[in-house]
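Visitor: Hi, I'm new to this one. Please walk me through it.

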Amino acid sequence: MEVFHLISISLAFSSQAQTPLSANDALKLAAQNRPALKSARLGIKQARATAKAMGAYAPTMFLAGASSRSELGPNDQDLQVSQPLDLFGRRKASARIGNAGVQLSLAEYVSAASDLQSEVLLAFAGAVANQHQTEVAAELLKISEGLLAATKRRFDEGKVAETQVTRATIELARAKQAAVLTDAELNASLQTLAGLLGTDKANLKLESDAKIRPLDTPEIETRADLQLLRAQIQLALGEAEGARVSNRPELSALLVRSPWSNAPGYFAGRLQLSWALHDHGKAKNETRAAVYRSEAIALLLQDATLKARGELSAAQVAVKARESQILEYERILAAARTLVAKSQTAYSEGFGTQVDVLEATRALREVEQELVEARYQLSLAVVAQYKATGFLSEVLK
């Protein structure tokens, strides 16, 4: 008993200077500390740099050369500057593919952040439930201590049998064991949460009534899987456009000098047009393949959208049901606490029995545990709602 009180006092003292951790605070810590999210952000930067490279103009080329013998190899390429001119849409098609790659990397980031959010919130909900359980155990321990004290006093007065002292002693021992177990479970859940947040367990303090708030107007448009499919469609369409323009003419502007062997030398401008007369169906089939791929992904998007709407509807039903259940349990809990207080008073004053106190305490314990479970299930339902809608906390965006 003394050991348990010392543990409780130590925990209370160490947490006084700490601000209770909210769900949003937990996500903020994870966003700051988790390497996986930093890696996903770097992926976006990489994709943007790649898009800029793919949309860049073709390089200006400088060529210079000389032969050991003037009659071998000299031509108008002894000195030359050339610049390809994009008049047929190659750069535009390449830029479209690059932009689609950026959208794909953004969708991949949302997917990674969404997974991280669910992981952290589930651990947070579990830790909050364990925090609530420790408080319930402490409350029941206090009731058991009061019951034993009242029973001993009545036994000393010769009003109850010694068996009732034994029964009260057993109930106190059970309450102690429950308190120790819930404290261990809380420590374990806090350790898990601290690992997910990339921080130390000693920095965490939770409140048993901490909530993960449901969405008021949930939608599905921001879901990571839907964004990924949309980005893949854009990428396929960009590749189709790139394949279509691949066999178009190439035009270059050149500035050339006469061979070194010619004296005096002179410069002249030149336009060079290159055109593949026949690519044996390569561009046509590459275009067709990319279009087919975009159509296939579009069908997957339709299917995923239908599935997402079903998941959201189910999540909404679960959230509303759990919210109603919690309101009812809170009303029952108030009545159960009143019953325990009255039965304790009656027993202490000699009007009630020990069985009345034990039964009232058992009812309170069951209601408290059911309320803890109901709140935990509501948190799980809200996390499912977040996942179904693709909602992402501002601290993760």
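Guide: One term first: buried means under 20% relative accessible area, exposed means over 50%, and partly exposed is in between (1.4 Å probe, protein chains only). This is a predicted model, where local features need pLDDT of at least 70 and side-chain atom pairs count only at pLDDT 80 or more, while totals for chains, interfaces and linings use all residues. Residues are numbered from 1 along each chain as its sequence is written, and side-chain values use heavy atoms, with hydrogens and water left out.

Visitor: What pLDDT does the protein average?

Guide: The average is 88, and 94% of the residues score at least 70. That score is the predictor's confidence in each residue, from 0 to 100.

Visitor: And where does pLDDT stay under 50?

Guide: Over residues 1-17. For that stretch the model has 10 contacts beyond four places in sequence, a contact being heavy atoms within 4.5 Å.

Visitor: OK, on to the inside. How many residues does the largest nonpolar core have?

Guide: It has 53. Such a core is a set of buried Ala, Val, Leu, Ile, Met, Phe, Trp, Tyr and Cys residues joined through side-chain atoms within 4.5 Å. L21, V120, F124, L193, L197, L206 and I212 have the most contacts inside this core.

Visitor: Which helices each supply at least two residues of this core?

Guide: Helix 2 (23-33), helix 3 (35-54), helix 4 (90-156), helix 5 (162-197), helix 7 (282-348) and helix 8 (354-389). Helix 4 gives the most, with 14 residues. Helices (H or I, at least four residues) and strands (E, at least two) are DSSP runs, numbered from the N terminus.

Visitor: What does I212 touch?

Guide: Leaving out residues up to four places away in sequence, I212 touches A23, L121, F124, A125, S379, V382, V383 and Y386. Apart from that core lies another one, of 14 residues, with L147, L148, A168 and A175 among them.

Visitor: Let's switch to strands. How many bridges join strand 2 to strand 3?

Guide: Six, between strand 2 (residues 79-85) and strand 3 (residues 250-257), and the two run antiparallel. Two strands pair if DSSP finds at least two bridges between them. L85 has L251 in strand 3 as its bridge partner.

Visitor: And what stands opposite L251 in strand 4?

Guide: That's L273. Strand 3 and strand 4 (residues 267-274) are joined by eight bridges and also run antiparallel.

Visitor: New topic: how many salt bridges does the structure hold?

Guide: There are 19. Each is a side-chain nitrogen of Lys or Arg within 4 Å of a carboxyl oxygen of Asp or Glu. Take E139 and R337, with their closest N and O atoms 3.3 Å apart. E139 lies in helix 4 and R337 in helix 7, so this pair ties together parts that are 198 residues apart in sequence.

Visitor: What about R331 and E328, how far apart are they in helix 7?

Guide: Three residues, so about one helical turn separates them. Their side chains meet in a salt bridge (2.4 Å, N to O). R331 counts as exposed at 53%, whereas E328 is partly exposed at 38%. Elsewhere, salt bridges that share partners join E139, R337 and E368 into one network.

Visitor: Last one: where is S208 found?

Guide: S208 sits in the loop between helix 5 and helix 6 (224-245). At 14% relative accessibility it counts as buried. The S208 side chain makes a polar contact with the side chain of E135 (2.8 Å). That term means a pair of N or O atoms within 3.5 Å; within protein, one must be able to donate a hydrogen and the other to accept it, and residues adjacent in sequence count only if both atoms are side-chain atoms. Not counting residues up to four places away in sequence, S208 touches V128, Q131, H132, E135 and R375.
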